[in-house]
Amino acid sequence: MKTLACYSIKGGVGKTASSVNLAYLAAQAGYRTLLIDLDSQGASSFYFRVRPSKKNWGKRFFKTYEQLLKQIKASDFEHLDIIPAHESFRHFDALLSDQGKRELRLKRVLKGLKKEYDLIVLDCPPTLSYLSEAVFHAANMIVVPVIPTTLSERTYEQLQDFFGKHGLPTKMIYPFFSMVQRQKQLHKSTIERMQDDTPRLLDTLIPFSTDIEKMGEHRSPVSCFAARSAGGQAYEELWQEISRKLKKL
Ligand SMILES: Nc1ncnc2c1ncn2[C@@H]1O[C@H](COP(=O)(O)OP(=O)(O)OP(=O)(O)O)[C@@H](O)[C@H]1O
Ligand SMILES: [Mg+2]
């Protein structure tokens, strides 16, 4: 089982769009996938229509996580389950801060799922908190959507600094460009500069796409209702690139 986190300190960069599409494409490829919507705003839960899971999960988790465990729902798609955003996730930080070795709690809890799932996708809120630290420890790979603008580039650098200061391995961070508008000079020049000097920058660029924007109307992944659109194909390419890397981890 591998854990893939979609994370950025910056809001509105495409974390949820990416988590939803990557989880869907992984499930389509036969990976038994669990998408966990860690953002209490619940955007990625909204994109999927969930129904209660019939699985019997037993009592494998630490007591404090029993509530979390009960939240696993089956999606409309084969191989894809979801833990929707939950009000209690607002208190995730408080919960973790009460625990010894709080940064390792999420990792431990997810380990209990390794027989049921091949891939866990974490859709993260745009914060640097106990929860994000727990995510950094739990993940095998962190993908970071970066809109090619100066501000987005800066927040990506802040993330790297945070990793450096906390002794976390920056080699697990894989940035990729999101909401790219090549007709914009700033996007073009930022892409060119970052392509020259950014380690582990993924090759795939996700374009700014009205089909991706329409995911809210369709309440499903773009890869489901417009797989052949530019946005749908870009996410397919991104999934291929990420899955190749995951296999090597
Ligand atoms: N490639 C894209 N092209 C056009 N619109 C996009 C694209 N990706 C995401 N969007 C839209 O931009 C908005 C923000 O995207 P999304 O919710 O995925 O970002 P986020 O990083 O998860 O935000 P937050 O930090 O609030 O959780 C949404 O309305 C979404 O539909
Ligand atoms: Mg989001």
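**Figure 1. Residues around ligand 1 in the predicted model.** In this predicted model, ligand 1 is surrounded by 17 residues, a residue being counted if one of its heavy atoms lies within 4 Å of the ligand. The closest are Lys 15, Thr 16, Ala 17, Pro 207 and Ser 209. By class, the shell holds 9 nonpolar, 5 polar and 3 charged residues. Here Ala, Val, Leu, Ile, Met, Phe, Trp, Tyr, Cys and Pro count as nonpolar, Asp, Glu, Lys and Arg as charged, and the others, Gly among them, as polar. Residues are numbered from 1 along each chain as its sequence is written, while chains are lettered from A and ligands numbered from 1 in the order in which they are written. Local features need pLDDT of at least 70 and side-chain atom pairs count only at pLDDT 80 or more, whereas totals for chains, interfaces and linings use all residues; side-chain values use heavy atoms, with hydrogens and water left out.

Figure 2. A polar contact is a pair of N or O atoms within 3.5 Å. A backbone N or O atom of Val 13 lies 3.0 Å from an oxygen atom of ligand 1. A polar backbone atom of Ala 17 is 2.8 Å from an oxygen atom of the ligand, and a polar backbone atom of Pro 207 is 2.9 Å from a nitrogen atom of ligand 1. Taken alone, ligand 1 exposes 620 Å², of which the protein buries 81%; these areas come from the Shrake-Rupley method with a 1.4 Å probe.

Figure 3. Ligand 1 sits in the largest pocket. A pocket is an open set of points, on a 1 Å grid over the protein atoms alone, where a 1.4 Å probe fits, with protein on both sides within 12 Å along at least five of seven lines. A molecule sits in a pocket if more than half of its atoms lie within 2 Å of the grid points of that pocket. Helix H1 (15–28), strand S9 (205–207) and helix H9 (210–213) are the elements that give two or more residues to the shell. H1 gives the most, with 3 residues. Helices (H or I, at least four residues) and strands (E, at least two) are DSSP runs, numbered from the N terminus.

**Figure 4. Helix H6 and its buried residues.** Helix H6 spans residues 130–138 and is largely enclosed by the rest of the structure, because 7 of its 9 residues are buried. Buried means under 20% relative accessible area, exposed over 50%, and partly exposed in between (1.4 Å probe, protein chains only). The buried residues are Leu 131, Ser 132, Glu 133, Ala 134, Val 135, Phe 136 and Ala 138.

Figure 5. Most residues other than glycine have a negative phi. Met 179, although not a glycine, has a positive phi of about 55 degrees. Met 179 is found in strand S8 (residues 173–180) and is partly exposed, at 25% relative accessibility. Arg 219 also has a positive phi, near 50 degrees. Arg 219 lies in the loop between H10 and helix H11 (222–225) and counts as partly exposed at 30% relative accessibility.

**Figure 6. Residue pairs separated along the chain.** Ser 44, in helix H2 (residues 43–47), is buried at 0% relative accessibility. Ser 44 and Gly 216 are 172 residues apart in sequence and 9.7 Å apart in space, C-alpha to C-alpha. Leu 122, in strand S6 (residues 119–123), is likewise buried at 0% relative accessibility. The C-alpha atoms of Leu 122 and Ile 142, 20 residues apart along the chain, are separated by 9.3 Å.

Technical notes
Polar contact = N/O pair within 3.5 Å; in protein donor to acceptor, adjacent residues only side chain to side chain. 1 Å grid on protein atoms, 1.4 Å probe; cavity = no way out; pocket = protein on both sides within 12 Å on 5 of 7 lines; lining within 4 Å.
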